[in-house]
Amino acid sequence: MHFSKKCSVFKVVLSALLIVALLQLLYLSFLSKLHGKQQRYKYSELFGSKKTANQGEKNPRREHLRYSLSTGGIFDGSGQYRVYKSLIKSDFSTNQKPGADPRSHHLALATHTTINNLHHLSSLLERWQNPLSVVIFANGQDVKFATAFVYALSLFCPQVQALVDFHLVCHSGEMASFPDQDREHFAGLEDMGCSGVFAKLESYRDKYKNYAIGNNVSYPNNLLRNVARSGTDAAYILVIDIDMIPSANLHHQFVAMLMRREPAADEVLVLPAFEIRHTRKMPATKAELVQLYQVGEVRPFYDELCPRCQAPTNYSQWVNLASRGSGLLEVAYTINWADPWEPFYIGARTVPLYDENFRQYGFNRISQACELHIAGYRFSVLSNAFVVHRGFKVQGEFHSRKDEENRKNRILFRSFKESLKAKYPNSPRRC
C-alpha cells in the first residue's frame, strides 16, 4: 500500500511536469508566431509590397526606389553595363530647386565601390559631412544585396539620408529589383539600425580581393567615376576611392578659398595623396599628417608599388611649406604634368570625363590626367589639403591577374594617346 501511494504521487508529479512542459511549448510556439508576425509587419514596412504600401501611409524613399528600379536603368556606351542613376536620393538633392545655381553647392565628393568596400562609407561620411555621390558596382547576388543595403542605410542612418546619393551599376544582362520577394536574404535589417547595417556590411569586406570579383567580371572603374561625377550638381567635384579620407574641414576651407580666388577654367587643384599604416588613426590636419610622415607611419601613396606615379607632387616641398600651420587653403605651387602622374584633384564639372574603355587594374586614372595635360590644364597643388588611403599598398595584397591587366591596359593607353592627337589637334603637348 505504501508503494502504491508512492506510485500515485509519482504519477501526479509526472503529469504536472508534462502539463508544464506542454504549456511551455505552447507559449514558445505562440511567441514564435507573434515574433514572425512582427517581423513580417516590420519587413512589410521596410520592403513592403505594393499592396502593403497602398494600405497605409506611403514611404517616399521606398516609392522612389521602386520607381528608379522600374525604369530598368540605362545602358552605358558599350552596352555591357546597366546604370541606375539616383537609385536613392539624399535629402540634399531632393530639396534642391530645379535650375538652382550649382555654385550654391560648391563642392561634392564622388566615389565608387563594390559591396565589399561599402563599409568604408561610414568613416568617409563622418569625416566629409557634406554632399556625397556614391556608385556601387554589383554582380550576381550582390545586385540584390546592394539594393537592400543602400535602402536600409538611407532609412536608418540620418547622415546618409541627408547627404548621400546612391547609384548602381551592374551587367546589362542583370536587373536590380525591389527586395520584397527576398525576405530570407534581408531578414533582420529592419532591427539593426544604422550601426547594425554597417556592421553587417563589415562581414562582406573579405568576400574577394581588390578587382578579383569573379570569372570574366571586369570592374568598370572609369565608368563608375563618370556615373558618380554626373550624379551631383556641384560646381566642383573631388573624385576619390572609397577607402580614402580627405583632410578635415576641406569643404569649409574650399568654400572660403572660393571667396578669395576661383580656380581658372583650365586649372585643377591637386590634393597630395598619402597612405597610412593600418593601425594608425587617420590624421585630420596637415600638422598631424606631417608628424606621422616624419616617423614613417605615413608615406606617399603607392610609394612601394609605383613611386613615379605620385612623385611629381613634390612631397618634400609640400611637407616643408611655411604655411603648414595656417588654416587657410591656397595654391602653394603649380606643376607641369609628367607621365605617369595620377593626382587626385578638385576639378570643375566641365573637366573631361574618364575614358570608360579602361577597366580593372592599370592606367585608368593616368589616362584622364594625360588628357587634362593635352587639353591645356595646369595642376595647382593646394597648401593644406590632402587625401589619405587606409593601409600601406603592398605587392602581395593584389589579385593574381594584376600584372596581366596592367599589360593589357598599357597597350590600350598607347592607342588612347594616339586618339588624343586627333581630339586636340592644336595642342603642342604630348603624354
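What is the handedness of the link of Cys-306 and Cys-309, and how many degrees lie about its S-S bond? The views below, all taken from a predicted model, start with that pair.

**View 1. The disulfide of Cys-306 and Cys-309.** The link is right-handed, with 70 degrees about the S-S bond. The two sulfur atoms of Cys-306 and Cys-309 sit 2.0 Å from each other. Buried means under 20% relative accessible area, so Cys-306 at 18% counts as buried. Cys-309 is buried too, with a relative accessible area of 5%.

**View 2. The disulfide of Cys-157 and Cys-194.** Here the S to S distance is 2.1 Å, and the link is right-handed with 105 degrees about the S-S bond. Cys-157 lies in the loop between helix H6 (142-156) and helix H7 (158-163), while Cys-194 belongs to helix H9 (residues 189-202), so this pair ties together parts that are 37 residues apart in sequence.

**View 3. The disulfide of Cys-370 and Cys-431.** The sulfur atoms of Cys-370 and Cys-431 are 1.8 Å apart, and 110 degrees about the S-S bond make the link right-handed. Distant parts of the chain are linked here: Cys-370 is in helix H14 (residues 364-374) and Cys-431 in the segment after helix H15 (402-423), 61 residues apart. Cys-370 counts as buried, with 0% relative accessibility, but Cys-431 is partly exposed, with a relative accessible area of 26%. The disulfide count comes to three, and numbering the bonded cysteines in sequence order gives the pairing 1-2, 3-4, 5-6.

**View 4. Strand S4 and its two faces.** Six of the six residues of S4 (residues 132-137) are buried, so the strand is largely enclosed by the rest of the structure. You can follow this on both faces: Leu-132, Val-134 and Ile-136 are buried on one side, and Ser-133, Val-135 and Phe-137 on the other.

**View 5. The neighbours of S4.** Strand S3 (residues 107-114) pairs with S4 in the parallel sense over six bridges, and Phe-137 in S4 is the bridge partner of Thr-114. From S3 the chain passes through helix H5 (residues 121-128) to reach S4, in a right-handed β-α-β crossover. S4 also pairs in the parallel sense with strand S5 (residues 164-171), over six bridges. In this pairing, Leu-132 stands opposite Val-164 of S5.

Technical notes: Residues are numbered from 1 along each chain as its sequence is written. This is a predicted model: local features need pLDDT of at least 70, side-chain atom pairs count only at pLDDT 80 or more; totals for chains, interfaces and linings use all residues. Side-chain values use heavy atoms; hydrogens and water are left out. Buried means under 20% relative accessible area, exposed over 50%, partly exposed in between (1.4 Å probe, protein chains only). Helices (H or I, at least four residues) and strands (E, at least two) are DSSP runs, numbered from the N terminus. Two strands pair if DSSP finds at least two bridges between them. A crossover is right-handed if, with the strands pointing away from the viewer, the path from the first strand over the helix to the second runs clockwise. A disulfide is a pair of cysteine sulfur atoms within 2.5 Å.
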